[in-house]
Amino acid sequence: MKSEIVSYAAFEYMGKVERRVLGQLVEAVLYEGIAVPVGGLPKEAGTSRNLALQGISAAGEPVEYRLTCTRKWTFDRFRIVRESIIRRSGEEESSARLDLFVEEVLGQVQQGEKLSMLLEELEHTLLHDVQAQMSKAASPCVDVQSSYQEIESRLDGHPYHPCYKSRIGFSLQENALYGPEFRQGLKPVWLAIASSHSEIALLSSVTYRELLEEELGSETEEHFKNVLQQRGLQADDYLFMPVHPWQWEHMIMPVCYRQIADCVIVLLGSGPDVYRAQQSIRSWSNDSVTKKATIKMALHITNTSTKRVLARHTVLNAPLVSDWLLAVTRNDETARRLGVVFLTEFAGITFDYEKLPLLTRSKAYSSIGVIWRQSVDKHLQPGESAIPLNALTYIEADQPLIDPWLQKYGVEAWTRELLNVTVTPIIHMLYAHGLAMESHAQNMVLIHREGKPMRLALKDFHDGLRFSKSHLTEPDACPALHAEPAHHRAMNRHSYMQTEDLSSVRDFVHSAFFFVCLGDLALFFNERYGVEERVFWQMTSEVIERYQGEHPQHAINFERYDLFSETIRIEQLTRRRLWKDADVEPKAVPNPLYHYRRVRGGKA
């Protein structure tokens, strides 16, 4: 597999993958208003029209990109017929090319480094997805009976973001080794970090000794202690942590060579357990003992336009937030009835970058950190199985993965069950506690019995909450969280948890859960099973209204976090690649739930 990407066989998949990358790019460009077609976009939901986007060739000649576009009712999203995108130059027509579209159309609104970086991410996505499709064709298909990890390894990446597999930093050989699609058995590199240069955070019910016993075992722990003793070092002066092999080779060794030489960082070797990469790339699940923890490791690559590093404050906040979630729901009868599962981030270790020289500190920031997260297998009851929520829209060989379930239970009945199981816990955390969960589909796990939705598991809390402390139901329960450093906020001003802007709290739920997760499901059920989008959103609104009717004690939060507002704000993921982050504001888009707003307390 490592060398197949350069063979002619790769070109069999190139056209299909390029159409996907270009199609998602065009949809994002139209939706975010980066380029405006001649004559405008379809104005009414459900209508289609042929569009023309104008560009200029390298020779200075006018070109047109023609395509067929449909406006959907769901958040006014656009769908492009990927095979319809044609480049027209004079009287000549040809299939559109990704690189030319970026140069000729996007080059009219942005140039220089920003445009080059976007093109690099798109081209790497193209190549990495070709690798994935080749591997997929050579391996057995998955079905709903497959294991959680097998299904997760098969998934195709973000359905909206055009840079869904960019992985800038991986060579093609490294992508074939560390990409989840290739299902490689992997072992992390274990390091000992001097306690004087590291920090640890633990769930209140967990000790460092228990962590090592559970994740390493006494035999491996003893071996690692012997490694230190042979160098005249004491294990009690160090913390043991796993790091990604790529990170060790490409970041830690070259940047922290002095700390390695001085035995601040000591290479220990590998443990006995074999892991598999999850769809988030930097998280690995334990393949040897599936009930053992998932490890989330800093990885200095760029994927879906974000550096996959782990900042110190997020590592240290992870157990604090998990403890908080467990505490506020401990006596919560509704949460208990729903059976909602928090996959707790029970331990985290990070390097203390302040102990480094200034120049080294800036290069090493966020590069040495790990978070241990509970496996969903640890929470499954007899007869239960788990599936990543974004697998529900997965299609292989033109067959939806969940089609057997829909045939068994009926499309509408199953969809109603799904919405009840997924929507209710998310809005409960918002309405009952004032906590917005970043619940895009990759952060959610559906627990089911033979395909029947039962309950929801949530994960990724270290930077995946948003709240206003003064508006929390239990503000005194809020832990003293480690604040984002100023330079971290400067890099990503959207990366924060605390705010006094209540609309920002609401939109954190709306943009991740309703727009991304439910939006994709609405389009999937519409396009694959003929479920009208309005019907899907009516079913969604009924879940919310039912919850509100059953929990009138939270009425003030129904108003504070109005999920039926006329518009909501979403992040402009592609626009942020073309302009400075500080120059790109969230975009207001129509809220499909607004149409089902009811009069409450005499106010519409």
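A residue is called buried when its relative accessible area is under 20%, exposed when that area is over 50%, and partly exposed in between, with a 1.4 Å probe and protein chains only. The model is a predicted one, in which local features need pLDDT of at least 70 and side-chain atom pairs count only at pLDDT 80 or more, whereas totals for chains, interfaces and linings use all residues. Residues are numbered from 1 along each chain as its sequence is written, and side-chain values use heavy atoms, with hydrogens and water left out.

With that cut-off in hand, leucine 100 is buried, its relative accessible area being 18%. This leucine 100 belongs to helix α2 (residues 98-104), where helices (H or I, at least four residues) and strands (E, at least two) are DSSP runs numbered from the N terminus. Once its neighbours within four places in sequence are set aside, leucine 100 is in contact with Tyr65, Arg87 and Val105, contact meaning heavy atoms within 4.5 Å. Between leucine 100 and isoleucine 56, which lie 44 residues apart along the chain, the C-alpha separation is 9.7 Å.

The sheet comes next. Three strands in the order β8-β6-β9 form an open sheet with antiparallel pairing, two strands being paired if DSSP finds at least two bridges between them. Strands β8 (238-243) and β9 (265-269) stand at the edges with a single partner strand each, so one side of each is left without a neighbour in the sheet. From one strand to the next the twist averages 30 degrees. Strand β6 (residues 189-194) is joined to β8 by six bridges, the two running antiparallel, and alanine 194 has tyrosine 238 in β8 as its bridge partner. Strands of a sheet pair through backbone hydrogen bonds, either parallel or antiparallel.

Two helices lie across β6, β8 and β9: helix α7 (residues 218-229) runs at about 135 degrees to β9, and helix α8 (residues 245-255) runs at about 55 degrees to β6. For these angles, axes are lines fitted to C-alpha atoms, for helices over the stretch in contact, and the values run from 0 to 180 degrees between N-to-C directions.

What of the charged side chains? A salt bridge is taken here as a side-chain nitrogen of Lys or Arg within 4 Å of a carboxyl oxygen of Asp or Glu, and by this rule the count comes to 39. One of them joins aspartate 287 to arginine 276, with an N to O distance of 3.8 Å. Because aspartate 287 lies in the loop between β11 (283-286) and β12 (294-297) and arginine 276 in strand β10 (residues 275-277), the pair ties together parts that are 11 residues apart in sequence. Aspartate 287 is partly exposed at 35% relative accessibility, whereas arginine 276 is buried at 7%.

In another salt bridge, glutamate 354 and arginine 361 bring their closest N and O atoms to 3.5 Å; glutamate 354 is exposed, at 56%, and arginine 361 partly exposed, at 23%. Arginine 416 and glutamate 542 also meet in a salt bridge, at 2.8 Å from N to O. Arginine 416 is in helix α14 (residues 411-433) and glutamate 542 in helix α17 (residues 533-550), so this pair ties together parts that are 126 residues apart in sequence. Arginine 416 is partly exposed at 36% relative accessibility, as is glutamate 542 at 26%.
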